[in-house]
Amino acid sequence: MKNPKAGQSITVRAEGLTKIFHTRGGDEIRAVDDLSFSCRSGEIMGILGPNGAGKTTALRMLTTILSPTAGKATVNGYRVGQSPQRVRDSVGFLATETGLYERLTAEETLNFFGRINGLSEKELGKRKKEVFQTLDMTDFARRKVGDLSTGMKQKLSLARSIIHDPPILIFDEPTRGLDVMTAKTVTDYVKRFKEEDKTIILSTHLMNVVERLCDRVGILFEGKLKALGRIEELLEERSVADLEELFFSLAEDSKVKKNQR
């Protein structure tokens, strides 16, 4: 991957971002623990970790769905806790749950989300045309969501997240549950968004997705950031051959430290 271009600005910054949950018994669970990183326009930042590592929680804090217990985050110049609506206007969030309404058609779905994102009817019509063409959705524009395949629903979820043409895209496991062909289609679109100079943060547990797409990666275990940087630099620092070896080396380190507590 190429280095960020000169002049590209940091559009997302997390500093000491922490989220603590409590069990019914009063035990403390640090889902995200002191997470710090930044991402620039025209850059794809990957958050890699196993299930339960805190990836989704981190992204939900960045998109104002969850409030941080500690730390702060800035998105497009707005503090997450102080200007939540400004943050939401700046972000397209693709969640693991589709949040689609089964009785609406694909076009009606985009009408709904376009309007709640403040698009005028003229803007909405233009964006729908662009999005349907970009994501190759014209053939099922008038089909109800309940009749769509998994791949079609994922395309529609992606369309919903970009209908207002936000500068920042945050994708939580964008290829989860997709067949190989549909997953490739989605990752091709992510590359295209980068070419449009958008800021892209994506979470995944798939190392090949990170290797194919990401300029930099942050590796999470049990809510803590264990490594952050460009893949080739991280491999050199740890003297390992590939991302898989790096990942399991960090996993072993985390296991040892946990057992020493």
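In the predicted model, Leu 48 has Ile 219 of β9 as its bridge partner. This pair belongs to the contact between strand β3, residues 44–48, and strand β9, residues 216–221, which run parallel and are joined by 4 bridges. Both strands are part of an open sheet of 6 strands, in which the order is β6-β7-β8-β3-β9-β10 and the pairing is mixed. The edges of this sheet are formed by β6 and by β10 (224–229), each of which pairs on one side only. On average, and with direction ignored, neighbouring strands of the sheet are turned by 15 degrees against each other.

Helix α6, spanning residues 180–195, packs on this sheet and touches β3, β7 (168–172) and β8 (199–204). The direction of α6 makes about 155 degrees with that of β8. Thr 187 is found in this helix. The residue counts as buried because its relative accessibility is 3%, where the cut-off for burial is under 20%. Beyond residues up to four places away in sequence, Thr 187 touches Thr 175, Arg 212 and Leu 213.

A further open sheet comprises 4 strands in the order β2-β1-β4-β5, with antiparallel pairing. Its edge strands are β2 (28–40) and β5 (78–79), each pairing on one side only. Strand β1, residues 10–22, runs antiparallel to β2, and 9 bridges join the two. Within this pairing, Ile 10 stands opposite Arg 40 of β2. Helix α1, residues 55–62, lies across β1, β2 and β4 (70–75).

The largest pocket has a volume of about 410 Å³, and 18 residues line it. Nearest its centre lie Arg 88, Val 91, Gly 92, Phe 93 and Asn 117. At least two residues of the lining are supplied by each of α2 (84–90), β6 (91–94), α3 (106–116) and α5 (150–162). Strand β6, which contributes to this lining, is also an edge strand of the sheet of 6 strands. By residue class, the lining of the largest pocket divides into 6 nonpolar, 8 polar and 4 charged residues.

Terms used. Residues are numbered from 1 along each chain as its sequence is written. This is a predicted model: local features need pLDDT of at least 70, side-chain atom pairs count only at pLDDT 80 or more; totals for chains, interfaces and linings use all residues. Side-chain values use heavy atoms; hydrogens and water are left out. On a 1 Å grid over the protein atoms alone, a cavity is a set of points where a 1.4 Å probe fits but cannot get out, and a pocket is an open set with protein on both sides within 12 Å along at least five of seven lines; lining residues have an atom within 4 Å of a point. Grid points are joined across faces, edges and corners, and a volume is the space filled by probe spheres set on the points. Ala, Val, Leu, Ile, Met, Phe, Trp, Tyr, Cys and Pro count as nonpolar, Asp, Glu, Lys and Arg as charged, and the others, Gly among them, as polar. Two strands pair if DSSP finds at least two bridges between them. Axes are lines fitted to C-alpha atoms, for helices over the stretch in contact, and angles run from 0 to 180 degrees between N-to-C directions. Contact means heavy atoms within 4.5 Å. Buried means under 20% relative accessible area, exposed over 50%, partly exposed in between (1.4 Å probe, protein chains only).
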